[in-house]
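Trainee: I would like a close look at one part of this protein. Please start with the overall layout, then take me there step by step.

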Amino acid sequence: MTTATVEPRDMEWLEKGVLGIQWSDGHQAMYPVRSLRQHCPCAACVDEWTGERRLQADDVPLLIMLQDIQPVGRYALQFKWSDGHDTGIYSYTLLRALCQCDACQPVKPIEVKSRRLL
Ligand SMILES: [Zn+2]
Ligand SMILES: [Zn+2]
């Protein structure tokens with residue numbers, strides 16, 4: 001792993017509702033957009049003082065769409081959503097942590113739940 005800052009090099013839609021970002025270190029990341037919206041880091045979605053998430057996963061419309069992407073400086077991306085929300089600034093560090101590819105998320109949350117047999 002390198003400590004140099006990685007940046008998005010390219011973006012494309014991998015499939016409907018799944019944004020792909022190619023990072024400068026060669027990583028091909030994938031982001032289902034609803035999951036991105038659920039992890040919005042803005043002050044309306046996360047309490048600034050306690051870090052508690054105000055936005056519940058079910059608050060995000062199932063058919064949420066990503067309408068626009070704006071670079072913020074050289075460290076973050078700002079997303080504009082179809083529900084009118086556009087205050088979330090996603091730092092590159094956060095985006096890398098949210099990557100849902102098989103290498104980054106070998107165990108999907110839903111599979112963790114299904115392993116509770118007892
Ligand atoms: Zn937000
Ligand atoms: Zn990944």
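What pattern does the protein follow when read along the sequence? And which residues make up the largest nonpolar core?

Mentor: Keep in mind that this is a predicted model. Start with the layout. Along the sequence, the pattern is β-β-β-α-β-β-β-α-α. That gives three helices and six strands. The protein has 118 residues, and 11% of them are buried.

Now the core. Eight residues form the largest nonpolar core: Ile21, Ala29, Tyr31, Val33, Leu36, Phe79, Trp81 and Tyr90. Strand S3, helix H1 (33–38) and strand S5 each give this core at least two residues. In general, nonpolar side chains tend to be buried together in soluble globular proteins.

Let's follow the chain through it. Strand S2 covers residues 18–23, and five bridges join S2 to S3. The two strands run antiparallel. Ile21 faces Ala29 of S3 across this pairing, and both residues belong to the core. S2 and S3 make a hairpin, with four residues between the strands. Gly26 sits in that turn and has a positive phi of about 95 degrees.

Next comes the open sheet of three strands. Its order is S4-S5-S6, and the pairing is antiparallel. Strand S4 (66–72) and strand S6 (89–91) are at the edges with a single partner strand each, so one side of each has no neighbour in the sheet. Neighbouring strands here are turned by 30 degrees against each other on average, ignoring direction.

Strand S5 spans residues 76–81, and six bridges join S4 to S5. One of the paired positions is Gln70, with Gln78 in S5 as its bridge partner.

Skip its neighbours within four places in sequence: Tyr90 then has contacts with Pro41, Ala76, Leu77, Phe79 and Leu95.

Take contacts between residues at least 6 apart in sequence: 33% of them join residues at least 24 apart.

Definitions and conventions
Residues numbered from 1 in each chain as written. Chains lettered and ligands numbered in written order. Predicted model: local features only at pLDDT ≥ 70, side-chain atom pairs only at ≥ 80, totals over all residues. Pairing = 2+ DSSP bridges. Axes fitted to C-alpha atoms, helices over the stretch in contact; angles between N-to-C directions. Buried ≥ 20, exposed ≤ 12 C-beta atoms within 10 Å, placed from the backbone. Contact = placed C-beta atoms within 7 Å. Core = buried A, V, L, I, M, F, W, Y, C linked by C-beta atoms within 7 Å.
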